[in-house]
Amino acid sequence: MYLLRYYLESLQDLRVRAGLTVVDLKNLLKIILRDMIIVLLPTVTITTYALYVGVIELGTTIILLSTSFFTALIIPHLKYILVVKSRNKTLEREIVYFIISESITYSRSTELVNDLCGLDGWEGVFPTLVNEGLRLRVYRKFLTTIEAINFYIRYTSSSFISKILSDYVLAYSKGIINAWFTHTSSELLRKLRSEVSALMKLRTTVVLMMGVVVSYLPMLTFSLSVITGGGELTNVLVVVPVLMILSILILPSNTQHLRMYNTSTLEGKLITTSSYVLIFL
């Protein structure tokens, strides 16, 4: 009974850290059952059929079904852990840009938590922060600003967010928010500049490497096929498009401000698409 209660409570905790709300026991059990069925149904079907046709023995079947059952039990947790990690990454990126923008427009009336709670209408720029602002707004109805932040920190898995908000609480309590904004924004800008520089170098390296491979591989293979009389030319017709698709997938995405600044128009998207089609041909 204790293990079951711990299992359900840990799942509820992960839901909160993933930005979701606590649900009642009935709905939580429905979610768990659905996730378990997704894992168990194909495994049980394949294993039962393999036992029926005599591919595996009964002992192996029991081991496979037991393993599948225990795997299905941890699937809900794994799902929410992945959501938490993804959410933390997005939240950290947005809080960096938000603090930098706050420091640029800083005035005596600037207050970080108030501005976070009033982000309605900025969903296109800070989609995750808007939801967090709504959560903080609820906390502040019943708690002071410092208590609300401390309560919020308890349910965040990001050490970066915890440190930022803890430092802000300390600065807020000592009345040195101006100095905190100046120091923190300078540090975040320096870190962002380094990340962008490394990202651009990495993107350039990937593009150059794939450009060299895609440019020279067809001619090299064609020459070898002419000399050896083999069928290497047919292989390159498959390999080169696959390499192109892989190059697009592994190309690191731009940071948030570069994606917003380099938003393509319809004409730009058409030119880019046409270029890829011509390269493919």
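1. Let me start with H2 and H3. Helix H2 (residues 25–53) packs on helix H3 (residues 58–104) at an angle of about 160°, and their axes are 9 Å apart. That angle makes H2 roughly antiparallel to H3. As for handedness, H2 passes H3 in a right-handed crossing.

2. Which residues of H2 and H3 meet? On the H2 side they are Ile31, Ile32, Arg34, Asp35, Met36, Val39, Leu40, Thr43, Val44, Thr47 and Leu51. On the H3 side they are Leu58, Thr61, Leu64, Leu65, Ser68, Phe69, Ala72, Leu73, Ile75, Pro76, Lys79 and Tyr80. Sorted by class, the contact of H2 with H3 has 16 nonpolar, four polar and three charged residues.

3. A word on confidence, since this is a predicted model. The protein chain has a mean pLDDT of 79, with 86% of its residues at 70 or more. Confidence is highest in helix H7 (residues 159–174), at a mean of 88, and lowest in helix H10 (residues 256–261), at 60. Where pLDDT is low, the predicted coordinates should not be read in detail.

4. H2 also packs with helix H1 (residues 2–17), here at an angle of about 90° and with the axes 12 Å apart. H1 is therefore roughly perpendicular to H2. H1 contributes Tyr7, Leu8, Leu11, Gln12 and Arg15 to the contact, while H2 contributes Leu25, Leu28, Leu29, Ile31 and Ile32. By class, that contact has eight nonpolar, one polar and one charged residues. Please look at Ile31 and Ile32 of H2 in particular: they are listed in the contact with H1 and also in the contact with H3.

5. Next, follow H3 to H7. The axes of H3 and H7 come within 9 Å and cross at roughly 30°, so the two helices are roughly parallel to each other. Their crossing is left-handed, whereas H2 passes H3 in a right-handed one. Leu91, Glu92, Ile95, Val96 and Ile99 of H3 make the contact with Phe160, Ile161 and Ile164 of H7. These residues divide into seven nonpolar, no polar and one charged.

6. Finally, the aromatic rings. The count comes to eight aromatic pairs. One of them is formed by Phe98 and Phe126, which are edge-to-face, 5.6 Å centre to centre with 90° between the planes. Phe98 lies in helix H3 and Phe126 in the loop between helix H4 (112–117) and helix H5 (127–142), so the pair ties together parts that are 28 residues apart in sequence.

Technical notes
Residues numbered from 1 in each chain as written. Predicted model: local features only at pLDDT ≥ 70, side-chain atom pairs only at ≥ 80, totals over all residues. Heavy atoms only, no water. Axes fitted to C-alpha atoms, helices over the stretch in contact; angles between N-to-C directions. Helix = DSSP H or I, 4+ residues; strand = E, 2+ residues; numbered from the N terminus. Parallel < 35°, antiparallel > 145°, perpendicular 65-115°, else oblique. Left-handed = near helix turned anticlockwise from the far one by under 90°. Contact = heavy atoms within 4.5 Å. Nonpolar A, V, L, I, M, F, W, Y, C, P; charged D, E, K, R; others polar. pLDDT = per-residue confidence, 0-100. Phe/Tyr/Trp six-rings, centres within 6.5 Å; stacked < 30°, edge-to-face > 60°.
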